[in-house]
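Grab a pencil and work through each exercise before you peek at the solution.

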Amino acid sequence: LFICDTKDWEVVRGCIEELRSMKKTVNTAIYSPTEKEVPTWYSNYLLLRADKDINVWGFPDKSIQKQFYNLPADLIIDFSGESSLPMYYMFLQHPSTFKTGIKRSENPVYDFSIIPPDEKNDLKYLFGQLLNYLQSITSK
């Protein structure tokens with residue numbers, strides 16, 4: 001399961017295609033702050049829209065949560081941004097057995113995290129590093 005924000009969709013889309021070329025099944029969940037940022041060129045994803053699917057307390061609607069938790073995933077790659085707290089909330093609740101992502105704080109929320117070398121958070125580079133580490137782990 002790949003989690004991202006719409007602003008990073010073009011980069012993440014390339015990462016997803018790379019995983020699919022390796023014969024991996026990839027589900028995708030995308031956080032969008034507005035209707036204008038919804039990707040229309042890719043139909044196989046769960047969309048969480050801030051202007052439609054979030055209640056007044058900032059939590060995702062129960063129907064979206066149920067859909068998200070039912071997405072099969074033995075691995076979650078979280079590339080969502082710090083502003084997508086509703087997606088982060090669902091990520092923490094997902095029953096996946098292994099969760100990875102970009103280390104943004106000292107709180108240990110991931111089973112495996114990667115630290116960006118600079119403030120740019122080059123997602124393509126971080127994905128390559130993450131993939132390299134995960135392949136090394138699984139080959140041992």
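Buried means under 20% relative accessible area, exposed means over 50%, and partly exposed is in between (1.4 Å probe, protein chains only). You're looking at a predicted model, where local features need pLDDT of at least 70, side-chain atom pairs count only at pLDDT 80 or more, and totals for chains, interfaces and linings use all residues. Residues are numbered from 1 along each chain as its sequence is written, and side-chain values use heavy atoms, with hydrogens and water left out.

**Exercise 1.** Work out whether Phe-2 is buried or exposed, then do Phe-127.

Solution. Phe-2 has a relative accessible area of 1%, so Phe-2 is buried. Phe-127 also comes out at 1%, so Phe-127 is buried.

**Exercise 2.** Classify the ring pair of Phe-2 and Phe-127.

Solution. Step one is the rule: rings of Phe, Tyr and Trp (its six-membered ring) pair if their centres lie within 6.5 Å, and planes under 30 degrees apart are stacked, over 60 edge-to-face, the rest tilted. This gives seven aromatic pairs. Step two: the centres of Phe-2 and Phe-127 are 6.0 Å apart and the planes sit at 40 degrees, so this pair is tilted. Ring pairs also link Phe-2, Phe-79 and Phe-127 into a cluster.

**Exercise 3.** Now classify Phe-68 and Tyr-69.

Solution. Their centres are 6.0 Å apart with planes at 75 degrees, so call the pair edge-to-face. Phe-68 is buried at 0% relative accessibility, while Tyr-69, at 23%, is partly exposed.
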